[in-house]
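Please examine the structure shown below alongside this briefing.

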Amino acid sequence: MNRPMESRNQEMLVTYTAGELDVETASAFEGHLAGCPACRSVAAEQSAVWNALNAWEAPAISPDFNRRVYRRIENEARFSWWERLTRALRPMPLRQALPLAAAAGLLLMAGLLLRHPNNITPAQPRAETVRAETVRAEQVESTLDDLELLRQFTPASSAENGHSDAM
Amino acid sequence: MGVAAAALDYDAELMLRVKDGDGASFGMLLEKHRAAVIHFVYRLVQEQPVAEELAQEVFLRVYRSRSSYEPTAKFTTWLFRIATHLALNWLRDEKHERGQERLDDGSPDLPARQVLDRRPSAEQDLMHRAKLDEIRQAVAALPEKQRAAVLMHKYEEMDYSQIAKVLGCSASATKSLLFRAYTTLRAGLAHLGNI
């Protein structure tokens, strides 16, 4: 039946087919259906749709779904900007911190010199300045990576040195 | 909905505990709603691995937003709004790449299955699969919002006003979406009868 129905009837019909009408309203609507072949036909079709959709089951959920959610949460926390920044700036012995700070400073200076050869080229328009600031953020991030690498490397090296000293 | 109203929504209470740093409450929300979210997204995108990836992203976003969470709406409204947003975005991205290709993939598989499946009930099984393919295609052919509305109405048993809040439209617009969707589905699926 393709004849347009009134919105109220459509709502009633959909709710009726879904079994969501209270007994009294359902009974009244069935009274209407009994005398209205057009609505009866649509109700039958809507029931068929409802049954068809009932048959569509979703597949089982992977057993490790929760674990994967938690892993993503942990990964995000581990690699967040602030986490990395605070890890890099975590207090460390002066003997280790000084060479790392010097290395970071050198890297930053080298990066800035390479990106800002102001003494060679004339001043750039504003758009360029915006781009340069983006590059600086990347440089800081890259420096943090380097710091992290150096930090991981330093204890191993110390241990290695200690080991060779012992030998 | 203020804090008083949130007291009626246990999920919102749990989320407020998550906001206060209670990880166990997040676990409870995940356990309680993961099936609904995965199944809803699955029926929207119709690919289980993608549905699970997107559902993970939904819960990741819930967790990520914990500090700014305010119970201004029912928790499930917020949850399904995130899920719908992610799934519809994924569909839009995929649409450009694959178009209707995926929809057409189902039918050519059937003869192959017919040859391979030699169980006594193979014919019935095939007919059932063909009907399910038809249902999936009919739902997939609906416009995005109509599809989301039907899935929330049929499988999540949401009322019109909640569906409207999830989709960000008025209740009357939502009813109109649903009725148009059901009219289309009646035209495409009524012949299936009881499957």
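This is a predicted model: local features need pLDDT of at least 70, side-chain atom pairs count only at pLDDT 80 or more; totals for chains, interfaces and linings use all residues.

Residues are numbered from 1 along each chain as its sequence is written, while chains are lettered from A and ligands numbered from 1 in the order in which they are written.

**Contact between chains A and B**

- Chain B contributes 29 residues to the contact and chain A contributes 24 residues, where two residues are in contact if their C-beta atoms, placed from the backbone, lie within 7 Å.
- On the side of chain B that touches chain A, at least two residues come from each of helix H3 (23-45), helix H4 (48-64), helix H7 (122-140) and helix H10 (171-189); helices are DSSP runs (H or I, at least four residues), numbered from the N terminus.
- That side of chain B comprises 17 nonpolar, five polar and seven charged residues. Here Ala, Val, Leu, Ile, Met, Phe, Trp, Tyr, Cys and Pro count as nonpolar, Asp, Glu, Lys and Arg as charged, and the others, Gly among them, as polar.

**Helix H9 of chain B**

- Helix H9 (residues 160-167) of chain B is largely enclosed by the rest of the structure, because six of its eight residues are buried. A residue is buried if 20 or more other C-beta atoms lie within 10 Å of its own, exposed if 12 or fewer, and partly exposed in between, with C-beta atoms placed from the backbone.
- The buried residues of H9(B) are B:Tyr160, B:Gln162, B:Ile163, B:Ala164, B:Val166 and B:Leu167.

**Packing of H9(B) on H10(B)**

- The axes of H9(B) and H10(B) are 8 Å apart and the helices pack at an angle of about 100°; axes are lines fitted to C-alpha atoms over the stretch in contact, and angles run from 0 to 180 degrees between N-to-C directions.
- H9(B) is therefore roughly perpendicular to H10(B), a term for angles of 65 to 115 degrees.
- H9(B) makes this contact through B:Tyr160, B:Ser161, B:Ile163, B:Ala164 and B:Leu167, and H10(B) through B:Ala171, B:Thr174 and B:Lys175.
- By class, five residues of this contact are nonpolar, two polar and one charged.

**Two partly exposed residues**

- B:Leu16, in helix H2 (residues 10-19) of chain B, counts as partly exposed because it has 18 C-beta neighbours inside 10 Å.
- The C-alpha atoms of B:Leu16 and B:Phe26 are separated by 9.7 Å, and the two residues are ten residues apart along the chain.
- A:Glu30, in helix H2 (residues 23-35) of chain A, is partly exposed, with 13 other C-beta atoms within 10 Å.
- A:Glu30 lies 9.9 Å from A:Leu13, C-alpha to C-alpha, and 17 residues from A:Leu13 in sequence.

Definitions and conventions. Angles under 35 degrees count as roughly parallel, over 145 as roughly antiparallel, 65 to 115 as roughly perpendicular and the rest as oblique.
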